[in-house]
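Trainee: I would like to learn how to read salt bridges and backbone angles in a model. Can you take me through one?

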Amino acid sequence: QVQLVESGGGLVQAGDSVRLSCAASGLTINDYTMGWFRQGPGKEREFVASITWSGTDYADSVKGRFAISRDKAKNTVFLQMNSLKPEDTAIYYCAVGSKRATMTGLYDYWGQGTQVTVSS
C-alpha cells in the first residue's frame, strides 16, 4: 500500500524559508515521478515542482525560489522553499506519478497535505 506523509509546514513570515518533506512507503521514489502541488484558499490545485530520473520541473511562479530534491536512502522527497511570499500560502501536497508531468490527473497517489501560511 502506497503512503505519502508530508511534514514541515507552518506559519512563517514573508521572506522566510521552509523545507517540506514527503516520506514515502510502499514504493521506491526513484522509480517514479515525485511531485509537489499546492491549493490556495479558493483556488484549484496547481503544480509546483516535480523530480524524475530525467530532471526537475518547476512552475514559473516558484522558479529560482523553490528546489525539489530526494533522498533515496530515506525514500523521502523534499521541497525547499525560499523567499516565501504571502501568495505561496496553500496546502502543499506530495504526489506520485508514472510519467514526467505537471497535470494533477497524471498523478496516482497523494498525501494528506501540509499547510503553509505566509504572513506579510
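Predicted model: local features only at pLDDT ≥ 70, side-chain atom pairs only at ≥ 80, totals over all residues.

Trainee: How many salt bridges does the structure hold?

Mentor: The general idea comes first. Side chains of opposite charge can pair when their charged atoms come close. This structure has 5 salt bridges. In one of them, arginine 38 pairs with glutamate 46, with the closest N and O atoms 2.7 Å apart.

Trainee: Is arginine 38 buried or exposed?

Mentor: Buried means under 20% relative accessible area. Arginine 38 has 5%, so it counts as buried. Glutamate 46 is partly exposed, at 36%.

Trainee: Which residue forms a salt bridge with aspartate 57?

Mentor: Arginine 100 does, and the closest N and O atoms lie 2.6 Å apart. This pair links distant parts of the chain, 43 residues apart. Aspartate 57 sits in strand 6, and arginine 100 in the loop between strand 9 and strand 10. Aspartate 57 is partly exposed at 22%, and arginine 100 is partly exposed at 41%.

Trainee: What about lysine 63 and aspartate 60?

Mentor: Their side chains meet in a salt bridge, 3.2 Å from N to O. Lysine 63 and aspartate 60 are both exposed.

Trainee: Which residues do shared partners join into one network?

Mentor: Arg38, Glu46, Arg65 and Asp88.

Trainee: Now the backbone. What is the phi of asparagine 75?

Mentor: About 50 degrees, which is positive, although asparagine 75 is not a glycine. Asparagine 75 lies in the loop between strand 7 and strand 8. Its relative accessibility is 13%, so asparagine 75 counts as buried.

Trainee: Where is serine 83?

Mentor: In the loop between strand 8 and strand 9. Serine 83 has a positive phi near 50 degrees. It is partly exposed, at 42%.

Note on methods
Residues numbered from 1 in each chain as written. Heavy atoms only, no water. Helix = DSSP H or I, 4+ residues; strand = E, 2+ residues; numbered from the N terminus. Buried < 20%, exposed > 50% of the residue type's maximum accessible area, 1.4 Å probe, protein only. Salt bridge = Lys/Arg side-chain N within 4 Å of Asp/Glu carboxyl O.
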